Amino acid sequence: MPDPSSTLRVAVVGCGDISAVHIDALRAMPGVDLVAVCDVDPARAERAAAAAVTAGRTVHAHTDLHAMLDAEHLDAVTVCTPHDQHVPVAIAALERGVHVLTEKPLAHDLVGAEELLEAAATAATAGPQLGVCFQNRYNEPVAALKRMLDDDSLGRPLQASATVIWHRTPDYYEASPWRGSWEHAGGGLLMNQAIHTLDLAQWLLGDVVRVDGSAATRLLGDVIEVEDTAEMLLTHDTGATTAFYATLAHGRNAPVDIEIVTERALVTLRDDLTVTWADGRIETVATTATAEGARAYWGVSHAALITDFMDSIRSGRRFWIDGLEAAKTLRIIQSVYDTSFPARPVRRMATAAAGLRTHDE
Ligand SMILES: NC(=O)c1ccc[n+]([C@@H]2O[C@H](COP(=O)([O-])OP(=O)(O)OC[C@H]3O[C@@H](n4cnc5c(N)ncnc54)[C@H](O)[C@@H]3O)[C@@H](O)[C@H]2O)c1
(Lines give C-alpha, C1' and ligand atoms only; values in the text may rest on other atoms or scores of the structure.)
Protein backbone atom coordinates (compact mmCIF):
# COMPACT_ATOMS: atom_id res chain seq x y z
CA MET A 1 0.00 0.00 0.00
CA PRO A 2 1.44 3.43 -0.88
CA ASP A 3 2.35 5.73 2.01
CA PRO A 4 -0.88 7.76 2.68
CA SER A 5 1.07 11.01 2.42
CA SER A 6 2.88 10.06 -0.79
CA THR A 7 2.00 11.21 -4.29
CA LEU A 8 0.53 8.50 -6.52
CA ARG A 9 2.22 7.97 -9.89
CA VAL A 10 -0.58 7.42 -12.41
CA ALA A 11 -0.85 6.78 -16.17
CA VAL A 12 -3.76 6.75 -18.61
CA VAL A 13 -3.93 3.91 -21.17
CA GLY A 14 -5.87 4.66 -24.37
CA CYS A 15 -5.83 8.29 -25.52
CA GLY A 16 -9.13 8.64 -27.40
CA ASP A 17 -12.33 10.54 -26.61
CA ILE A 18 -12.92 9.70 -22.94
CA SER A 19 -9.24 9.92 -21.97
CA ALA A 20 -9.50 13.73 -21.95
CA VAL A 21 -11.96 13.52 -19.04
CA HIS A 22 -9.59 11.20 -17.11
CA ILE A 23 -6.56 13.35 -17.87
CA ASP A 24 -8.31 16.56 -16.79
CA ALA A 25 -9.51 14.94 -13.56
CA LEU A 26 -6.07 13.48 -12.74
CA ARG A 27 -4.24 16.76 -13.50
CA ALA A 28 -6.48 18.62 -11.08
CA MET A 29 -6.23 16.03 -8.28
CA PRO A 30 -4.07 16.75 -5.24
CA GLY A 31 -1.75 13.88 -4.34
CA VAL A 32 -1.71 12.50 -7.89
CA ASP A 33 1.07 12.86 -10.42
CA LEU A 34 0.02 12.03 -13.99
CA VAL A 35 3.41 10.83 -15.24
CA ALA A 36 2.59 9.02 -18.50
CA VAL A 37 0.04 8.16 -21.14
CA CYS A 38 -0.03 5.19 -23.51
CA ASP A 39 -1.71 4.60 -26.85
CA VAL A 40 -0.89 2.11 -29.60
CA ASP A 41 -1.25 5.08 -31.97
CA PRO A 42 1.91 7.19 -31.46
CA ALA A 43 0.29 10.44 -32.63
CA ARG A 44 -2.54 10.05 -30.11
CA ALA A 45 -0.08 9.27 -27.30
CA GLU A 46 2.05 12.32 -28.15
CA ARG A 47 -0.96 14.60 -28.44
CA ALA A 48 -2.38 13.46 -25.10
CA ALA A 49 1.01 13.79 -23.38
CA ALA A 50 1.40 17.34 -24.66
CA ALA A 51 -2.10 18.27 -23.48
CA ALA A 52 -1.49 16.67 -20.07
CA VAL A 53 1.56 18.72 -19.10
CA THR A 54 0.84 20.47 -15.80
CA ALA A 55 2.99 23.25 -14.33
CA GLY A 56 5.81 22.40 -16.75
CA ARG A 57 6.08 18.75 -15.59
CA THR A 58 6.73 16.35 -18.46
CA VAL A 59 4.24 13.58 -19.18
CA HIS A 60 5.86 10.67 -21.03
CA ALA A 61 4.16 9.28 -24.15
CA HIS A 62 4.34 5.47 -24.61
CA THR A 63 3.06 3.14 -27.30
CA ASP A 64 3.90 -0.10 -25.48
CA LEU A 65 2.12 -0.87 -22.23
CA HIS A 66 4.79 -3.25 -20.92
CA ALA A 67 7.59 -0.77 -21.62
CA MET A 68 5.60 1.87 -19.75
CA LEU A 69 5.05 -0.44 -16.79
CA ASP A 70 8.82 -1.21 -16.78
CA ALA A 71 9.84 2.43 -16.92
CA GLU A 72 7.38 4.47 -14.90
CA HIS A 73 7.09 2.80 -11.42
CA LEU A 74 3.35 3.38 -11.45
CA ASP A 75 0.91 3.12 -8.56
CA ALA A 76 -2.18 3.12 -10.80
CA VAL A 77 -3.44 3.19 -14.38
CA THR A 78 -6.81 4.20 -15.74
CA VAL A 79 -7.91 2.22 -18.81
CA CYS A 80 -9.67 4.07 -21.64
CA THR A 81 -9.17 1.57 -24.48
CA PRO A 82 -11.70 -0.24 -26.69
CA HIS A 83 -13.67 -2.88 -24.75
CA ASP A 84 -11.68 -5.93 -25.92
CA GLN A 85 -8.48 -4.33 -24.59
CA HIS A 86 -9.73 -3.72 -21.03
CA VAL A 87 -8.86 -7.25 -19.85
CA PRO A 88 -5.32 -7.64 -21.27
CA VAL A 89 -4.32 -4.13 -20.15
CA ALA A 90 -5.84 -4.54 -16.69
CA ILE A 91 -4.33 -7.98 -16.10
CA ALA A 92 -0.86 -6.83 -17.21
CA ALA A 93 -1.02 -3.94 -14.74
CA LEU A 94 -2.47 -5.93 -11.83
CA GLU A 95 0.23 -8.59 -12.29
CA ARG A 96 2.82 -5.82 -11.85
CA GLY A 97 1.19 -4.71 -8.59
CA VAL A 98 -0.40 -1.64 -10.21
CA HIS A 99 -3.96 -0.59 -9.25
CA VAL A 100 -6.41 -0.45 -12.18
CA LEU A 101 -9.44 1.74 -12.77
CA THR A 102 -11.01 0.62 -16.04
CA GLU A 103 -13.71 2.26 -18.06
CA LYS A 104 -16.93 0.27 -18.43
CA PRO A 105 -17.74 -2.43 -19.36
CA LEU A 106 -15.67 -4.78 -17.22
CA ALA A 107 -14.84 -6.80 -20.34
CA HIS A 108 -16.17 -7.33 -23.85
CA ASP A 109 -17.32 -10.88 -23.07
CA LEU A 110 -17.94 -13.19 -20.12
CA VAL A 111 -14.78 -15.24 -20.71
CA GLY A 112 -12.61 -12.13 -20.45
CA ALA A 113 -14.58 -10.95 -17.42
CA GLU A 114 -13.93 -14.23 -15.61
CA GLU A 115 -10.18 -14.00 -16.41
CA LEU A 116 -10.08 -10.46 -15.05
CA LEU A 117 -12.08 -11.33 -11.92
CA GLU A 118 -9.61 -14.13 -11.23
CA ALA A 119 -6.60 -11.85 -11.74
CA ALA A 120 -8.19 -9.18 -9.52
CA ALA A 121 -8.91 -11.71 -6.75
CA THR A 122 -5.27 -12.91 -6.88
CA ALA A 123 -3.90 -9.35 -6.96
CA ALA A 124 -6.13 -8.22 -4.09
CA THR A 125 -4.29 -10.48 -1.63
CA ALA A 126 -1.16 -8.36 -2.28
CA GLY A 127 -3.00 -5.03 -2.45
CA PRO A 128 -3.70 -3.89 -6.02
CA GLN A 129 -7.33 -3.09 -6.64
CA LEU A 130 -9.59 -3.20 -9.68
CA GLY A 131 -12.24 -0.48 -9.99
CA VAL A 132 -14.74 0.13 -12.79
CA CYS A 133 -15.99 3.50 -14.00
CA PHE A 134 -19.74 3.68 -13.33
CA GLN A 135 -19.55 7.37 -12.52
CA ASN A 136 -23.30 8.03 -12.54
CA ARG A 137 -23.59 6.38 -9.12
CA TYR A 138 -21.83 9.53 -7.84
CA ASN A 139 -24.43 11.97 -9.27
CA GLU A 140 -25.91 13.84 -6.29
CA PRO A 141 -29.61 13.07 -7.08
CA VAL A 142 -28.79 9.39 -7.68
CA ALA A 143 -26.85 9.10 -4.41
CA ALA A 144 -29.70 10.84 -2.55
CA LEU A 145 -32.21 8.36 -4.00
CA LYS A 146 -30.00 5.40 -3.02
CA ARG A 147 -29.86 6.68 0.57
CA MET A 148 -33.68 7.07 0.69
CA LEU A 149 -34.15 3.53 -0.60
CA ASP A 150 -31.57 2.10 1.82
CA ASP A 151 -32.97 3.87 4.91
CA ASP A 152 -36.47 2.70 3.90
CA SER A 153 -38.01 6.18 3.94
CA LEU A 154 -39.61 5.50 0.54
CA GLY A 155 -40.83 2.04 1.49
CA ARG A 156 -40.32 -0.93 -0.78
CA PRO A 157 -39.74 -0.23 -4.51
CA LEU A 158 -42.46 -1.98 -6.51
CA GLN A 159 -42.13 -1.19 -10.22
CA ALA A 160 -39.77 0.99 -12.20
CA SER A 161 -39.15 2.16 -15.73
CA ALA A 162 -35.91 3.35 -17.29
CA THR A 163 -35.32 4.87 -20.71
CA VAL A 164 -32.21 5.89 -22.63
CA ILE A 165 -33.31 7.55 -25.89
CA TRP A 166 -30.18 8.80 -27.58
CA HIS A 167 -28.60 9.67 -30.90
CA ARG A 168 -25.49 8.35 -32.62
CA THR A 169 -24.47 9.14 -36.19
CA PRO A 170 -22.49 6.99 -38.62
CA ASP A 171 -19.54 9.39 -38.00
CA TYR A 172 -19.33 8.24 -34.38
CA TYR A 173 -18.65 4.66 -35.55
CA GLU A 174 -16.47 5.66 -38.49
CA ALA A 175 -14.19 7.62 -36.11
CA SER A 176 -13.61 4.45 -34.01
CA PRO A 177 -14.75 1.38 -35.96
CA TRP A 178 -14.29 -0.93 -32.93
CA ARG A 179 -17.48 0.60 -31.48
CA GLY A 180 -19.68 -1.11 -34.08
CA SER A 181 -18.10 -4.57 -33.97
CA TRP A 182 -18.92 -7.69 -31.94
CA GLU A 183 -15.24 -8.65 -31.91
CA HIS A 184 -13.92 -5.46 -30.34
CA ALA A 185 -16.89 -3.92 -28.53
CA GLY A 186 -18.75 -7.11 -27.59
CA GLY A 187 -22.03 -5.28 -28.22
CA GLY A 188 -23.47 -1.89 -29.07
CA LEU A 189 -26.01 0.33 -27.32
CA LEU A 190 -26.21 -1.90 -24.22
CA MET A 191 -22.45 -2.42 -23.78
CA ASN A 192 -21.47 1.15 -24.60
CA GLN A 193 -24.27 3.60 -23.73
CA ALA A 194 -27.24 2.12 -21.83
CA ILE A 195 -24.97 0.12 -19.50
CA HIS A 196 -24.85 3.08 -17.09
CA THR A 197 -28.64 3.19 -16.70
CA LEU A 198 -28.80 -0.59 -16.43
CA ASP A 199 -26.20 -0.37 -13.67
CA LEU A 200 -28.26 2.26 -11.83
CA ALA A 201 -31.43 0.15 -12.15
CA GLN A 202 -29.78 -2.91 -10.61
CA TRP A 203 -27.93 -0.88 -7.96
CA LEU A 204 -31.06 1.04 -6.86
CA LEU A 205 -33.64 -1.76 -7.05
CA GLY A 206 -31.56 -4.84 -6.28
CA ASP A 207 -29.68 -7.62 -8.05
CA VAL A 208 -31.39 -8.86 -11.20
CA VAL A 209 -32.58 -12.46 -10.95
CA ARG A 210 -34.48 -12.68 -14.24
CA VAL A 211 -34.10 -10.96 -17.62
CA ASP A 212 -36.76 -11.08 -20.34
CA GLY A 213 -35.58 -8.96 -23.22
CA SER A 214 -34.48 -8.49 -26.79
CA ALA A 215 -32.13 -6.32 -28.82
CA ALA A 216 -32.03 -5.36 -32.49
CA THR A 217 -30.35 -3.08 -35.01
CA ARG A 218 -33.15 -0.74 -36.11
CA LEU A 219 -31.47 2.32 -37.67
CA LEU A 220 -27.72 1.88 -38.06
CA GLY A 221 -27.58 -1.54 -39.71
CA ASP A 222 -25.64 -0.17 -42.68
CA VAL A 223 -22.89 1.01 -40.35
CA ILE A 224 -22.69 -1.39 -37.37
CA GLU A 225 -22.99 -5.12 -36.67
CA VAL A 226 -24.11 -4.63 -33.08
CA GLU A 227 -27.50 -3.52 -31.71
CA ASP A 228 -28.80 0.05 -31.52
CA THR A 229 -32.10 -0.70 -29.71
CA ALA A 230 -33.15 -2.93 -26.79
CA GLU A 231 -36.07 -3.60 -24.46
CA MET A 232 -36.26 -5.73 -21.36
CA LEU A 233 -38.19 -6.51 -18.21
CA LEU A 234 -35.80 -6.99 -15.30
CA THR A 235 -36.93 -8.81 -12.18
CA HIS A 236 -34.95 -7.80 -9.10
CA ASP A 237 -34.25 -9.95 -6.03
CA THR A 238 -36.66 -7.71 -4.08
CA GLY A 239 -39.49 -8.82 -6.39
CA ALA A 240 -39.61 -5.35 -7.98
CA THR A 241 -39.47 -5.07 -11.76
CA THR A 242 -37.92 -2.55 -14.16
CA ALA A 243 -39.28 -1.99 -17.66
CA PHE A 244 -36.23 -0.87 -19.64
CA TYR A 245 -36.09 0.67 -23.11
CA ALA A 246 -33.08 2.11 -24.90
CA THR A 247 -32.33 3.20 -28.45
CA LEU A 248 -29.86 5.23 -30.47
CA ALA A 249 -32.51 5.93 -33.13
CA HIS A 250 -33.59 9.33 -31.79
CA GLY A 251 -32.50 12.75 -33.08
CA ARG A 252 -30.85 13.92 -29.84
CA ASN A 253 -29.56 12.62 -26.52
CA ALA A 254 -32.71 13.02 -24.44
CA PRO A 255 -32.24 13.05 -20.65
CA VAL A 256 -32.16 9.57 -19.14
CA ASP A 257 -35.37 8.86 -17.25
CA ILE A 258 -35.80 6.52 -14.30
CA GLU A 259 -39.18 6.35 -12.56
CA ILE A 260 -39.85 4.21 -9.48
CA VAL A 261 -43.19 3.48 -7.83
CA THR A 262 -42.55 2.69 -4.17
CA GLU A 263 -44.86 1.90 -1.27
CA ARG A 264 -44.87 5.58 -0.20
CA ALA A 265 -43.99 7.71 -3.22
CA LEU A 266 -43.50 8.16 -6.93
CA VAL A 267 -39.84 8.90 -7.65
CA THR A 268 -38.51 10.37 -10.88
CA LEU A 269 -34.87 10.83 -11.83
CA ARG A 270 -34.39 13.04 -14.87
CA ASP A 271 -31.15 14.88 -14.17
CA ASP A 272 -32.80 16.05 -10.87
CA LEU A 273 -34.60 13.81 -8.38
CA THR A 274 -38.31 14.47 -7.68
CA VAL A 275 -40.13 12.57 -4.94
CA THR A 276 -43.92 12.89 -4.92
CA TRP A 277 -45.11 11.47 -1.60
CA ALA A 278 -48.46 9.71 -1.24
CA ASP A 279 -49.82 12.75 0.70
CA GLY A 280 -49.00 15.08 -2.22
CA ARG A 281 -45.82 16.68 -0.83
CA ILE A 282 -43.08 17.11 -3.44
CA GLU A 283 -39.35 17.10 -2.67
CA THR A 284 -36.55 17.66 -5.16
CA VAL A 285 -32.80 17.14 -5.13
CA ALA A 286 -31.24 19.18 -7.91
CA THR A 287 -27.87 18.46 -9.45
CA THR A 288 -25.41 21.28 -8.82
CA ALA A 289 -22.53 19.86 -10.84
CA THR A 290 -22.01 20.76 -14.48
CA ALA A 291 -21.10 18.39 -17.29
CA GLU A 292 -17.41 17.64 -17.79
CA GLY A 293 -15.70 17.75 -21.15
CA ALA A 294 -17.32 18.25 -24.49
CA ARG A 295 -20.18 15.79 -24.18
CA ALA A 296 -22.89 16.34 -21.59
CA TYR A 297 -24.14 12.73 -21.87
CA TRP A 298 -20.88 11.52 -20.25
CA GLY A 299 -22.35 12.92 -17.04
CA VAL A 300 -20.88 15.02 -14.28
CA SER A 301 -19.18 12.56 -11.96
CA HIS A 302 -16.02 11.12 -13.53
CA ALA A 303 -13.81 13.32 -11.36
CA ALA A 304 -15.68 12.28 -8.19
CA LEU A 305 -15.26 8.59 -8.99
CA ILE A 306 -11.59 8.86 -9.98
CA THR A 307 -10.84 10.90 -6.83
CA ASP A 308 -12.58 8.29 -4.68
CA PHE A 309 -10.60 5.50 -6.36
CA MET A 310 -7.28 7.27 -5.75
CA ASP A 311 -8.29 8.02 -2.13
CA SER A 312 -9.13 4.37 -1.59
CA ILE A 313 -5.66 3.36 -2.84
CA ARG A 314 -4.01 5.86 -0.53
CA SER A 315 -6.03 4.85 2.53
CA GLY A 316 -6.01 1.10 1.87
CA ARG A 317 -9.84 1.07 1.70
CA ARG A 318 -11.43 -1.35 -0.81
CA PHE A 319 -12.98 0.55 -3.72
CA TRP A 320 -16.66 -0.29 -3.82
CA ILE A 321 -17.38 -0.52 -7.59
CA ASP A 322 -15.14 -3.52 -8.14
CA GLY A 323 -15.07 -6.22 -10.79
CA LEU A 324 -17.77 -8.29 -9.10
CA GLU A 325 -20.06 -5.28 -9.00
CA ALA A 326 -19.39 -4.47 -12.67
CA ALA A 327 -19.95 -8.09 -13.73
CA LYS A 328 -23.64 -7.71 -12.85
CA THR A 329 -24.51 -5.54 -15.85
CA LEU A 330 -22.35 -7.63 -18.15
CA ARG A 331 -24.28 -10.76 -17.21
CA ILE A 332 -27.64 -9.05 -17.91
CA ILE A 333 -26.50 -7.72 -21.29
CA GLN A 334 -24.96 -10.98 -22.45
CA SER A 335 -28.15 -12.87 -21.60
CA VAL A 336 -30.15 -10.51 -23.86
CA TYR A 337 -27.59 -11.05 -26.64
CA ASP A 338 -27.85 -14.83 -26.19
CA THR A 339 -31.60 -14.49 -26.92
CA SER A 340 -31.38 -12.01 -29.79
CA PHE A 341 -27.99 -12.75 -31.38
CA PRO A 342 -27.32 -16.44 -30.62
CA ALA A 343 -24.99 -16.72 -33.64
CA ARG A 344 -22.82 -13.68 -32.83
CA PRO A 345 -19.08 -14.34 -32.72
CA VAL A 346 -18.45 -14.71 -28.99
CA ARG A 347 -16.24 -16.87 -26.79
CA ARG A 348 -18.40 -19.12 -24.63
CA MET A 349 -17.85 -20.03 -20.98
CA ALA A 350 -16.46 -23.56 -20.57
CA THR A 351 -19.81 -25.02 -19.50
CA ALA A 352 -23.23 -23.79 -20.54
CA ALA A 353 -24.29 -23.39 -16.90
CA ALA A 354 -21.15 -21.52 -15.92
CA GLY A 355 -21.76 -18.01 -14.68
CA LEU A 356 -19.38 -15.37 -13.43
CA ARG A 357 -18.33 -15.52 -9.80
CA THR A 358 -20.38 -13.36 -7.42
CA HIS A 359 -19.81 -11.66 -4.06
CA ASP A 360 -21.14 -14.82 -2.36
CA GLU A 361 -18.38 -17.06 -3.76
N1 LIG B 1 -17.90 6.26 -18.56
C2 LIG B 1 -18.33 6.94 -19.64
O3 LIG B 1 -19.26 7.74 -19.56
C4 LIG B 1 -17.66 6.71 -20.96
C5 LIG B 1 -17.87 7.59 -22.03
C6 LIG B 1 -17.21 7.33 -23.24
C7 LIG B 1 -16.44 6.19 -23.39
N8 LIG B 1 -16.29 5.33 -22.34
C9 LIG B 1 -15.47 4.12 -22.44
O10 LIG B 1 -14.12 4.50 -22.64
C11 LIG B 1 -13.45 3.53 -23.44
C12 LIG B 1 -12.83 4.22 -24.64
O13 LIG B 1 -13.85 4.83 -25.41
P14 LIG B 1 -13.51 6.04 -26.40
O15 LIG B 1 -14.81 6.48 -26.93
O16 LIG B 1 -12.63 7.01 -25.73
O17 LIG B 1 -12.69 5.25 -27.54
P18 LIG B 1 -11.71 5.85 -28.66
O19 LIG B 1 -11.79 4.95 -29.82
O20 LIG B 1 -12.00 7.30 -28.84
O21 LIG B 1 -10.27 5.72 -27.97
C22 LIG B 1 -9.68 4.48 -27.69
C23 LIG B 1 -8.17 4.67 -27.75
O24 LIG B 1 -7.51 3.48 -27.27
C25 LIG B 1 -6.38 3.23 -28.10
N26 LIG B 1 -6.00 1.81 -27.95
C27 LIG B 1 -6.54 0.72 -28.54
N28 LIG B 1 -5.95 -0.41 -28.07
C29 LIG B 1 -5.02 0.00 -27.14
C30 LIG B 1 -4.11 -0.70 -26.33
N31 LIG B 1 -4.05 -2.04 -26.31
N32 LIG B 1 -3.29 0.02 -25.54
C33 LIG B 1 -3.33 1.39 -25.54
N34 LIG B 1 -4.19 2.10 -26.31
C35 LIG B 1 -5.05 1.41 -27.08
C36 LIG B 1 -6.84 3.63 -29.49
O37 LIG B 1 -5.75 3.87 -30.37
C38 LIG B 1 -7.65 4.90 -29.18
O39 LIG B 1 -6.84 6.05 -29.19
C40 LIG B 1 -14.51 2.48 -23.78
O41 LIG B 1 -14.44 1.46 -22.82
C42 LIG B 1 -15.82 3.23 -23.63
O43 LIG B 1 -16.91 2.39 -23.34
C44 LIG B 1 -16.87 5.58 -21.13
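Glutamate 263 is partly exposed, with a relative accessible area of 45%; here buried means under 20%, exposed over 50% and partly exposed in between, with a 1.4 Å probe and protein chains only. Before going on, a word on the model: it is predicted, so local features need pLDDT of at least 70 and side-chain atom pairs count only at pLDDT 80 or more, while totals for chains, interfaces and linings use all residues. Residues are numbered from 1 along each chain as its sequence is written, and side-chain values use heavy atoms, with hydrogens and water left out.

**Salt bridges**

Glutamate 263 has a salt-bridge partner in arginine 156, which is itself partly exposed at 44% relative accessibility. A salt bridge here is a side-chain nitrogen of Lys or Arg within 4 Å of a carboxyl oxygen of Asp or Glu, and the structure holds 20 of them.

| Aspartate 33 | Arginine 57 | 2.4 Å |

Helices (H or I, at least four residues) and strands (E, at least two) are DSSP runs, numbered from the N terminus. Aspartate 33 is buried, with a relative accessible area of 16%.

**The largest pocket**

The largest pocket has about 1,200 Å³ of space. A pocket is an open set of points on a 1 Å grid over the protein atoms alone, where a 1.4 Å probe fits, with protein on both sides within 12 Å along at least five of seven lines; lining residues have an atom within 4 Å of a point. Which residues lie nearest the pocket's centre? Of the 48 lining residues, these are Gly16, Asp17, Ile18, Cys80 and Thr81. Two or more lining residues come from each of α1 (19–27), α2 (42–52), α3 (65–72), α4 (86–95) and α7 (170–175).

**Backbone features**

Most residues other than glycine have a negative phi, and most peptide bonds are trans. Aspartate 152, however, has a positive phi near 70 degrees. This aspartate lies in the loop between α6 (140–150) and β7 (157–165) and is partly exposed, with a relative accessible area of 42%. Aspartate 271 also has a positive phi, about 65 degrees, in the loop between β12 (265–270) and β13 (272–277); aspartate 271 is exposed at 54%. Finally, the peptide bond from lysine 104 to proline 105 is cis, with omega near -10 degrees, and proline 105 lies in the loop between β5 (99–103) and α5 (110–126).

How values were computed
Grid points are joined across faces, edges and corners, and a volume is the space filled by probe spheres set on the points.
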